[in-house]
Amino acid sequence: MADVQVRNVSRSFGSHKALDDVSIDFPDGGFYALLGPSGSGKTTLLRLIAGFDFPSCGGISIGGESVERVPVEKRRIGMMFQNYALFPNMSVADNVAFGLSVRGDTRSSIETEVRRALDLVQLDKLGERRPHQLSGGQRQRVALARAIVTKPRVLLLDEPLSALDKALRVDMQIELKRIQREIGITTIFVTHDQEEALTMADRIGILCDGRVVQEGPPEDVYDRPRSEFAASFLGDANILRGKTFDNGIRLSDGMQILAKEASSGSAGVEAICAVRPERITIAASASATPPGRNTLNGRIMKRIFAGNSSTYFVDRNGETLKVLVQNQDGERLSEGQDVTLSWSPESTVVITA
Ligand SMILES: Nc1ncnc2c1ncn2[C@@H]1O[C@H](COP(=O)(O)OP(=O)(O)OP(=O)(O)O)[C@@H](O)[C@H]1O
Ligand SMILES: [Mg+2]
């Protein structure tokens, strides 16, 4: 069931449409990641849901009720902004208590709730400190505690982990997911980090120029992108151009690329097919390829070593294909070598304009 429902929402600033006819159902208790390039409208959408701003048209409902006339403080939303500013002159505990004091809760209930929230983010021993006495990751956890302490029904997080280094970020991802599960709160999470979105969310939505390009469970969106933009924005993709024929596309030089799910349109129209770099097998030319696989020949132009994996850049008639390979024992292919690339029709997605 949808907890937050956004229906045909647009928001214009002058002549610029920051959001253009956006409709998304955010499932009850789910973890939804919003992805999109800078300026695509992610923060604008969160601000509309929170009630800091209003749609130019369309409607938003929370828990089945329209919130058109419901002010920010009555929407029961916890929000952690892109710049999660803490109050520098207040202790950690007072920062977390802020929303409860404003609401006029009693002192003893505030104390209990603040303790519980600080426990949850594992900062129970640091309540007396000031923000400047904390590490970046601890400050972000204070901001998170402040966002959840009021027991909101919806949690809006705008790039909450962006300031953290890789190791801390992974810790916080695990922590955030644990907290979200523990309190079962409907969460909408904005991130620039596609890996973060894929690992944490149970649904993903990709925004571009204020429109929803694609949404669905992470595996669906990753395995079956419906546009070149979605294919290249979420993960890496090789894009081959050609014209459709019954079960795939035909490249300009006549090579046929087969797909399992062929495009529904008619034959002979311009189309692309997308293949993920990790789905391609690379082998020295003239080695045997199992039948039924798509094959292309090329030459290795470059190999980039990344510890556990390597990426080969393979030239084929002036076009470059990327192949991602796990580094294992055995012979490595070298730059300048002629190779055969192969992949299965199941790993090939045909996209027509
Ligand atoms: N108050 C405003 N007045 C005018 N234009 C605005 C306003 N707020 C946002 N915009 C514009 O709307 C578009 C969407 O902005 P938004 O902040 O939602 O982007 P975003 O997806 O959150 O980007 P980022 O990833 O950089 O945070 C941008 O082009 C922005 O310049
Ligand atoms: Mg933003």
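Predicted model: local features only at pLDDT ≥ 70, side-chain atom pairs only at ≥ 80, totals over all residues.
User: Which atoms of G39 and T44 meet ligand 1?
Analyst: For G39, a polar backbone atom is 2.8 Å from an oxygen atom of the ligand. For T44, an N or O atom of the side chain is 2.5 Å from a ligand oxygen. On its own, ligand 1 has 640 Å² of accessible area, of which the protein covers 60% (Shrake-Rupley method, 1.4 Å probe).

User: Which elements give two or more residues to the shell around ligand 1?
Analyst: They are β2 (16–27) and α1 (42–50), named as DSSP runs numbered from the N terminus (helices: H or I, at least four residues; strands: E, at least two). With 3 residues, α1 gives the most.

User: Which residues come nearest to ligand 1?
Analyst: There are 14 residues around the ligand, and S38, G39, K42, T43 and T44 come nearest; a residue is near if one of its heavy atoms lies within 4 Å. The shell holds 3 nonpolar, 9 polar and 2 charged residues.

User: Why are α2 and α4 given the orientation they have?
Analyst: The axes of α2 (residues 92–103) and α4 (residues 136–148) cross at roughly 30 degrees and come within 7 Å. Angles under 35 degrees count as roughly parallel, over 145 as roughly antiparallel, 65 to 115 as roughly perpendicular and the rest as oblique. The two helices are therefore roughly parallel.

User: What makes α2 oblique to α3?
Analyst: The axes of α2 and α3 (residues 107–120) cross at roughly 125 degrees and come within 9 Å.

User: Why is α4 called roughly parallel to α5?
Analyst: The axes of α4 and α5 (residues 166–183) are 11 Å apart, at an angle of about 15 degrees. This angle makes α4 roughly parallel to α5.

User: What limits and numbering apply here?
Analyst: Residues are numbered from 1 along each chain as its sequence is written, while chains are lettered from A and ligands numbered from 1 in the order in which they are written. Local features need pLDDT of at least 70, side-chain atom pairs count only at pLDDT 80 or more, totals for chains, interfaces and linings use all residues, and side-chain values use heavy atoms, with hydrogens and water left out.

Conventions: Polar contact = N/O pair within 3.5 Å; in protein donor to acceptor, adjacent residues only side chain to side chain. Nonpolar A, V, L, I, M, F, W, Y, C, P; charged D, E, K, R; others polar. Axes fitted to C-alpha atoms, helices over the stretch in contact; angles between N-to-C directions.
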